[in-house]
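Hi,

Here is the structure I promised to pass on. Have a look at it first, and my notes follow below.

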Amino acid sequence: MSGPDQPREVDPEYEAFHRRWYMNGVRYACQRHRLQEWEAEAAVSEALAVLWARWREPDFPKEEENRRKFYFRIVRCRSVDIIRSNVHERKIVAAAAADHVLSLAGSRSREPEVTDGEQLPEQAYAAAEALAEAADILTALPERQQRSIALENAGYSARERAEIKGIQETHERVDLHRGRARFKKIMAEREQEGATE
């Protein structure tokens, strides 16, 4: 007797597919999407769970090649989900770090705080001001260009950035090129304004 809590009987075809393609899926996720091995294994496990749920449906393909394509499509989608989640987490960490550094910049208007008998070095103030300036310039760019620069600084390739943004890689390269050029132009204009004041 079978029920919702009863395990499904083993399907030899599925077991053979699982053995043949599990490690291939992990390697694909690691190499193509640069996931950590444990992330790749999570993506593959989810893909195989979806595959198993569809395995005996009448409209599910019976040909090995079509099943393989379906499997790798799910691995790819799940890998991109993981990348997006990582980007979100990195943004949170980066924002926290920026808040800390910017709080140092804000303290410049007050007397420097003394910790353990030593003043905060002037370089820390300069770095904080430079970060604040860069963040301000970045917000002046179109959102797509902002994301390109942020993702590139986080270490993502053009292909990965394109997948995260849901655009073609050539368009992503254009976004990054234009964003960098606009960023440099604004920075140069501000430096020139500062020099003439």
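**What I found**

The charged end of R67 sits over the ring of W55, 3.9 Å from its centre (the rule here is NZ of Lys or CZ of Arg within 6 Å of the ring centre and within 35 degrees of the ring normal). Before you read on, keep in mind that this is a predicted model, where local features need pLDDT of at least 70, side-chain atom pairs count only at pLDDT 80 or more, and totals for chains, interfaces and linings use all residues. Residues are numbered from 1 along each chain as its sequence is written, and side-chain values use heavy atoms, with hydrogens and water left out.

**Confidence**

The protein chain has an average pLDDT of 76, and 70% of the residues score at least 70; pLDDT is the predictor's confidence in each residue, from 0 to 100. Residues 1-6 fall below 50, and that stretch has 1 contact in the model beyond near neighbours in sequence (contact means heavy atoms within 4.5 Å). Over residues 104-120 the pLDDT also stays under 50, yet the model has 16 contacts for them beyond four places in sequence.

**Rings**

There are 10 aromatic pairs in the structure. The rings are those of Phe, Tyr and Trp (its six-membered ring), paired if their centres lie within 6.5 Å; planes under 30 degrees apart are stacked, over 60 edge-to-face, and the rest tilted. W21 and F72 have ring centres 5.8 Å apart and planes at 90°, so they are edge-to-face. W21 is in helix α1 (residues 12-33) and F72 in helix α3 (residues 64-106), so this pair ties together parts 51 residues apart in sequence. Helices here are DSSP runs (H or I, at least four residues), numbered from the N terminus. Both W21 and F72 are buried, on a scale where buried is under 20% relative accessible area, exposed over 50%, and partly exposed in between (1.4 Å probe, protein chains only).

W55, the residue under R67, also pairs with F60: centres 5.9 Å apart, planes at 40°, so tilted. W55 and F60 are buried too. Ring pairs join Y14, F17, W21, Y28, W52, W55, F60, F70, Y71 and F72 into a cluster.

**Charges**

How many salt bridges does the count come to? The total is 16, taking a side-chain nitrogen of Lys or Arg within 4 Å of a carboxyl oxygen of Asp or Glu. One of them joins E160 and R34 (3.7 Å, N to O). E160 sits in helix α6 (residues 158-165) and R34 in the loop between α1 and α2 (37-54), so the pair ties together parts 126 residues apart in sequence. E160 is buried at 2% relative accessible area, while R34 is exposed at 52%.

R68 and E65 form another bridge (2.5 Å, N to O); both are in helix α3, 3 residues apart, about one turn of the helix.

D175 and R144 also meet in a salt bridge (2.8 Å, N to O), linking helix α7 to helix α5 (residues 143-153) across 31 residues. D175 is buried at 7%, and R144 is partly exposed at 41%. A network of salt bridges links R144, R161, K165, E172 and D175.

E172, in helix α7 (residues 169-196), is buried at 0% relative accessibility. Its side chain makes a polar contact with that of K165 (2.7 Å), meaning a pair of N or O atoms within 3.5 Å, where within protein one must be able to donate a hydrogen and the other to accept it, and residues adjacent in sequence count only if both atoms are side-chain atoms.

Cheers

Key
Helix = DSSP H or I, 4+ residues; strand = E, 2+ residues; numbered from the N terminus.
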